[in-house]
Amino acid sequence: MAIALQQTSTRPKTGVLPWRRILTRLASGALVLWAAVTIAFFTLQAIPGDIADILAGEQTYPGLKEAISAEWGLDRSVFEQYLAFLGRLLSGDLGTSYVQRQPVADVLAAQVWSTVELAVVAGIVGAVLAVVLAVVSIGRSRVVRSAMSTLELVFTSVPTFWVGILLLMVFSFQWRLFPVAGANGWQSLVLPVVTLALPTAGFLAQVIRESMERTLTEPFIVTVRARGVAESLVLLRHALGHALLPVMTLVGGVIGGLLGGAVITETVFGRPGIGTITLGAVTGKDIPVVMAVVLFAALIYVVVSTVLDILYTIVDPRLRAQR
Amino acid sequence: MKNQFRIAIVAAATFALTACAGGTAATNTDDGDPVTGGSLTWGVSVEPVCYNPQRSGQQNSFPIIRNFAESLVGKDADGEYTPWLADSWEISDDGLTYDLKLREGVTFTDGTVFDAEAVKTNLDFVADPANATAAGTGLTNFAGATVVDANTIELKLETPDAAFLDTLASITTAILSPASLALEGNDLCAANADLVGTGPFILSDYQAGQEISFVANEDYDSAPGYAAHTGRAYLDEVTYRFLPEATVRTGALSSNQVDIIEGVQVTDTALFDDQPGYVYETGPSTGTAFSLNINTRIAPADDVRVRQALRDGFDLDALVENQYLGTVQRAFSSIGPDSPFFDADLVDSWGDDVDGANELLDEAGWTDRDGEGFRTKDGERLTIVVGYPEPYIRDQRDVLLQGVQAQLKENIGLNLDVQSITSAQFTDELAKATWSVYPNTLPTSDPSILFRSIFGSEGFLYAKAPEFALDDLIAQSRATSVASERKAAFDEIQQTVVDDARYIPLYHPVYTVASTDLVHGISFEPTLNSPSSSYDLWTSK
């Protein structure tokens with residue numbers, strides 16, 4: 001855009017990346033991670049029930065509980081356990097799952113990509129669908145617009161679980177177009193992705209449309225139109241481009257929604273992923289696994305918000321001046 | 001069960017013939033000989049967290065684990081012990097020495113030879129509390145093993161134990177490769193090549209959260225005495241797909257995406273039971289009933305009259321029938337009707353006596369009523385809390401309890417407060433002995449072991465509280481191996497716990513299996529009540 005070009009030429013050259021901002025973000029990110037695992041650690045301690053008892057389950061025989069306590073270091077004080085846990089984390093060791101009795105890193109590594117694949121594809125599909133819904137409905141008659149927004153409302157408010165079962169019934173059990181379960185090939189990804197993408201699309205479409213409508217009343221759009229630019233180009237290049245800025249703010253929430261929805265989607269479709277792991281770990285008080293999942297979620301949040309922050313300064317030149 | 005299977009087969013065959021409408025030869029191979037080859041896919045309800053038979057405590061993990069892990073002794077549908085990895089055994093007159101002759105020519109699937117040394121390594125390992133195995137529970141009497149020669153082992157007990165053969169038949173004492181047990185810091189819970197047994201299948205592929213696959217062990221020839229055939233498994237390959245949603249399992253079977261499913265939802269039974277193209281079967285019930293264990297130490301249930309009123313204050317037959325549509329039996333006793341030790345005298349001896357229950361409560365002093373119609377005494381409402389640990393809730397059992405709750409309120413003004421609690425909270429209450437009512441069912445095993453768990457002071461419900469436990473009777477049932485003497489002790493336990501209403505049996509849970517009619521040889525493993533391994537399965541696909 002012409003305005004942006006002009007601005008860079010008049011400014012002293014400082015590079016595109018705002019390094020100081022990045023460093024501050026990284027430091028605060030580390031703090032967030034530490035706070036997240038610490039709060040999670042002590043919250044889990046507060047839940048009633050002795051871990052050695054839980055691990056023993058309905059087994060009882062002399063020496064069993066002591067053996068379990070010694071095996072997992074549960075005979076030490078909570079604070080000692082916390083320090084040992086932090087020490088392990090710093091050395092990159094996530095510990096061993098109480099229940100699955102395997103290194104947590106292995107447990108997660110085996111499953112995390114399946115969830116990432118599902119969430120990323122669903123995110124992209126959801127975003128594309130949202131843009132299509134918004135662009136198609138904008139400037140149409142009231143009937144079309146309200147029909148669209150009702151559809152979006154349905155997408156966002158219908159439970160993921162129900163959508164998943166419904167899609168399975170129709171496309172898998174009835175028409176046999178897609179397999180019910182597994183992560184084999186793209187066919188098995190279709191239904192879970194649609195299940196997860198619909199609420200995202202519904203939510204984003206509403207925001208995008210509203211934002212576009214506001215942008216369309218801005219004076220610069222009048223200027224653009226005055227130049228005789230085709231209406232479709234006005235919408236797609238100018239209005240949509242500007243409208244996407246506020247949408248970026250929502251990306252954090254969308255990612256949270258995708259990860260949360262993945263838990264349910266994975267269960268319904270019998271797909272591998274961290275959703276299933278998390279569910280089991282929380283109910284079984286499998287602290288090392290819960291901690292790793294908390295860490296993972298916090299890490300994603302920190303990375304995404306840092307990247308967004310940097311992107312803002314690149315996309316919106318006004319922020320760079322404020323540094 | 002066999003009869004039921006036959007009927008299903010006949011029904012299916014009849015349909016096939018009708019469909020052929022006078023065709024010359026029926027192509028249906030239902031009555032034909034088993035075919036070797038092919039593969040089948042299961043849809044199962046639970047993904048095991050641990051695949052090590054000696055460590056897993058998950059009932060639903062065992063049908064999968066049985067494909068590669070075998071026990072020394074088998075147990076057939078009549079409760080008789082059969083040879084398996086042990087060809088024969090002799091028990092000394094004092095009941096303290098077991099001489100086992102082991103099957104010759106068996107090898108673990110990693111090539112290690114199965115011999116007396118391997119058995120000793122396994123038993124010593126599971127009996128050592130330091131290894132914290134689930135198998136340790138049954139081996140508290142075990143005093144040690146001596147290798148006599150390569151194929152003979154002598155096992156010593158500290159006290160006579162009628163449940164010892166059952167322990168040897170249990171999947172928890174399955175024999176794993178000594179090479180696997182020797183792996184330092186490896187719990188063998190992961191489904192990978194480290195986990196090695198002598199079974200008819202070898203683990204070939206595992207994708208967490210999705211499925212586990214096995215291929216046939218070509219050299220296999222150590223089938224248990226109760227199996228339908230000997231030699232290698234019929235199938236070349238078998239896959240267990242994890243489908244936790246019941247609706248999804250049903251859909252996957254009806255759309256032919258899997259061949260056989262376990263855990264058929266009650267409302268879906270009609271889709272498969274007696275339907276052309278499908279086979280539906282239920283397993284035996286020899287474990288404990290789904291029941292309410294009432295803590296006799298906690299008021300107001302410390303009063304036997306209150307417990308008895310609770311027991312008789314509702315119409316259990318109607319509740320079970322409405323909820324499970326005839327797929328399960330209402331229970332009268334603590335152990336299942338398919339167990340040889342089931343006490344038939346208890347049938348129709350208790351329950352649904354509202355007038356009697358009201359009299360008992362009047363007698364116990366719960367005579368006033370509050371605004372909601374509940375009985376009170378000294379201003380206290382008659383409330384008994386049921387803490388149901390959330391992870392154990394399945395088969396709509398919480399809905400059944402809500403039905404009981406509603407009837408007790410209506411009939412006798414007792415407030416049965418059914419709560420869903422975390423397993424952590426339950427463990428905590430257990431440790432402090434403050435649990436009030438615990439709804440549970442135990443997977444089958446020798447009744448001595450079952451009763452010790454829930455009524456004995458070595459068990460988890462009345463741990464270290466011998467004054468509330470039935471230790472003498474349990475010891476009596478275990479000390480003799482004369483079946484009639486054992487039965488007398490078991491009968492007395494079954495009657496005692498129902499008479500004083502510390503235990504209210506509700507229904508006998510069973511495993512359900514549905515498959516297409518191209519799957520044959522479905523059976524249930526008597527030591528587990530759950531579907532057997534895939535060893536006897538074959539397909540005419």
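A residue is called buried here when its relative accessible area is under 20%, exposed when that value is over 50%, and partly exposed in between. Keep those cut-offs in mind as you click through this predicted model.

**Stop 1: strand 10 of chain B**

Start by selecting residues 237-242 of chain B, which form strand 10. Is this strand mostly covered or mostly open? Five of its six residues are buried, so by the under-20% cut-off strand 10 of chain B is mostly covered.

Strand 1 of chain B, residues 39-44, pairs with strand 10 in the parallel sense, over six bridges. To find your bearings along this pair, pick B:Ser39, whose bridge partner in strand 10 is B:Glu237. Strand 9 of chain B, residues 211-216, runs antiparallel to strand 10 and is joined to it by five bridges. For this pair, select B:Ile212 and look across to B:Tyr240 in strand 10.

**Stop 2**

B:Asp378 is not a glycine, yet its phi is positive, about 50 degrees. Its relative accessibility is 75%, which is why B:Asp378 counts as exposed.

**Stop 3**

Most residues other than glycine have a negative phi, and most peptide bonds are trans. With that in mind, go to B:Asp274, in the loop between helix 7 (269-272) and strand 12 (278-282) of chain B. B:Asp274 also has a positive phi, of about 60 degrees, without being a glycine. B:Asp274 is exposed, at a relative accessible area of 60%.

Then move to B:Pro300, in the loop between strand 13 (290-294) and helix 8 (304-312) of chain B. The peptide bond joining B:Ala299 and B:Pro300 is cis, with omega about 0 degrees.

**Stop 4: helices of chain A**

Switch to chain A and select residues 78-90, helix 5. Its 13 residues reach 18 Å from first C-alpha to last, close to the 18 Å expected. Which residues of helix 5 are buried? They are A:Gln81, A:Tyr82, A:Phe85, A:Leu86 and A:Leu89. Look down the helix axis: these buried residues fall within an arc of 135 degrees, so they line one face of helix 5. They pack against helix 2 (19-46) and helix 13 (287-315) of chain A. Following helix 5 is A:Gly92, with a positive phi near 85 degrees.

In helix 2, pick A:Val32. A:Val32 counts as partly exposed because its relative accessibility is 36%.

**Stop 5: where the chains meet**

Finally, show both chains. The contact takes 42 residues from chain A and 44 residues from chain B. About 3,300 Å² is buried between the chains, with carbon and sulfur atoms giving 58% of that area. How many salt bridges cross the interface of chain A and chain B? The rule finds zero.

Conventions: Residues are numbered from 1 along each chain as its sequence is written. Chains are lettered from A and ligands numbered from 1 in the order in which they are written. This is a predicted model: local features need pLDDT of at least 70, side-chain atom pairs count only at pLDDT 80 or more; totals for chains, interfaces and linings use all residues. Side-chain values use heavy atoms; hydrogens and water are left out. Helices (H or I, at least four residues) and strands (E, at least two) are DSSP runs, numbered from the N terminus. The expected span of a helix is 1.5 Å times one less than its number of residues. Buried means under 20% relative accessible area, exposed over 50%, partly exposed in between (1.4 Å probe, protein chains only). The arc is that of the directions from the helix axis to the C-beta atoms. Contact means heavy atoms within 4.5 Å. Two strands pair if DSSP finds at least two bridges between them. Buried area is the accessible area (1.4 Å probe) that two parts lose on being put together, summed over both. A salt bridge is a side-chain nitrogen of Lys or Arg within 4 Å of a carboxyl oxygen of Asp or Glu.
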